[in-house]
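This report goes through selected contacts and helix arrangements in the structure below. Please keep the sequence and the 3D view at hand while reading.

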Amino acid sequence: MHLKESMTFLKRFAKSPRRIGSVAPSSKFLTKAMLDRVDWENARYIAELGAGTGVFTREIVKRARNDAKILVFEIDPALQKLIQEEHNEHSGLSLHSDAQELVSIMNEKGIKHLDFVISSLPFTVLPPKMSVRILRAAHDALKPEGHFVAYQYSSIMKHVLKKKFANIKTRFVPLNIPPAFVYDCWR
């Protein structure tokens, strides 16, 4: 991880902890736990919610098919700039601000369904109505066999996710600051 990336992340957290949700970018262990859930051979349409400094984005771009369309959502302008600078040449990647607009952006881009939604959003600190709208959008955006993969720093969200998804696998990742729960959800 780059020092500039870590410092930018920490500054953005200090300025707006409810938006950022963590003091440090995700570890390589959390990244692996999240992205190993994805069937990269068959994933043509992917969304990443709450990209932060682009730790997952970087790996998504490496692992995705050449023809994959990747919708990346990050609300913080400074973090958007980091992602844009690093990935401005990837033709299938588009950067957006508001994850609540997921379905309308898909419609604009002619994307009917997503194969995977990868989320780093801090649902437990977001306003509850916003969390509900984002989860509904993610659920509605997925194809019937699609997956929503998210991490959280507590198990509080499990009961909320169970209301949306029939199947959930949980994995605990202790080697992250802070340790995290990974939820792989599907219908």
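## Salt-bridge network

In this predicted model, a network of salt bridges links Lys32, Asp36, Glu59, Lys62 and Arg63. One of the pairs is Asp36 with Arg63, whose side chains meet at 3.1 Å, N to O.

How accessible are Asp36 and Arg63? Asp36 has a relative accessible area of 41%, and Arg63 has one of 28%. Both values fall between the 20% and 50% limits, so Asp36 and Arg63 each count as partly exposed.

## Other salt bridges

The count of salt bridges comes to 9. In general, side chains of opposite charge can pair when their charged atoms come close. Among the 9 salt bridges is the one between Asp67 and Arg65, with the closest N and O atoms 2.8 Å apart. Asp67 is partly exposed at 34% relative accessible area, and Arg65 is partly exposed at 27%.

Glu145 and Lys143 form another salt bridge, in which the closest N and O atoms are 3.7 Å apart. The cut-off for a salt bridge is 4 Å, so this pair is included. Lys143 has a relative accessibility of 22% and counts as partly exposed.

## Helix 3 against helix 4

The axes of helix 3 and helix 4 come within 10 Å and cross at roughly 50°. That angle makes helix 3 oblique to helix 4. The crossing of helix 3 past helix 4 is right-handed.

## Helix 4 against helix 5

How do helix 4 and helix 5 lie relative to each other? Their axes come within 10 Å and cross at roughly 25°. An angle under 35 degrees counts as roughly parallel, and helix 4 and helix 5 are therefore roughly parallel to each other. Helix 4 passes helix 5 in a right-handed crossing.

Arg58 lies in helix 4. Its relative accessible area is 18%, and because buried means under 20%, Arg58 counts as buried. The side chain of Arg58 makes a polar contact of 2.7 Å with the side chain of Glu86.

## The two faces of helix 5

Which residues of helix 5 are buried? In helix 5 (residues 77–87) they are Leu79, Gln80, Leu82, Ile83 and His87. Around the helix axis these residues cover an arc of only 160°, which puts them on the same side of helix 5.

The face turned away from this buried side carries the exposed residues Pro77 and Lys81. For Pro77, the relative accessible area is 52%; the limit for exposed is over 50%, so Pro77 qualifies.

## The N-terminal end of helix 5

What caps the N-terminal end of helix 5? Asp76 does, through a side-chain oxygen that lies 3.0 Å from the backbone nitrogen of Ala78. Ala78 is itself in helix 5 and is partly exposed, with a relative accessible area of 27%.

The C-alpha atoms of Ala78 and Thr53 are separated by 8.9 Å, although the two residues are 25 residues apart along the chain. Pro77, also found in helix 5, is 20 residues from Ser97 in sequence, and their C-alpha atoms are 8.3 Å apart in space.

## A cis peptide bond

Is the peptide bond from Ile177 to Pro178 cis or trans? It is cis, with omega near -15°. As a general rule, most peptide bonds are trans. Pro178 is found in the loop between strand 6 (167–173) and strand 7 (180–186).

How values were computed:
Residues are numbered from 1 along each chain as its sequence is written. This is a predicted model: local features need pLDDT of at least 70, side-chain atom pairs count only at pLDDT 80 or more; totals for chains, interfaces and linings use all residues. Side-chain values use heavy atoms; hydrogens and water are left out. Buried means under 20% relative accessible area, exposed over 50%, partly exposed in between (1.4 Å probe, protein chains only). Helices (H or I, at least four residues) and strands (E, at least two) are DSSP runs, numbered from the N terminus. The arc is that of the directions from the helix axis to the C-beta atoms. A polar contact is a pair of N or O atoms within 3.5 Å; within protein, one must be able to donate a hydrogen and the other to accept it, and residues adjacent in sequence count only if both atoms are side-chain atoms. Axes are lines fitted to C-alpha atoms, for helices over the stretch in contact, and angles run from 0 to 180 degrees between N-to-C directions. Angles under 35 degrees count as roughly parallel, over 145 as roughly antiparallel, 65 to 115 as roughly perpendicular and the rest as oblique. A crossing is left-handed if the near helix is turned anticlockwise from the far one by less than a right angle, and right-handed if clockwise.
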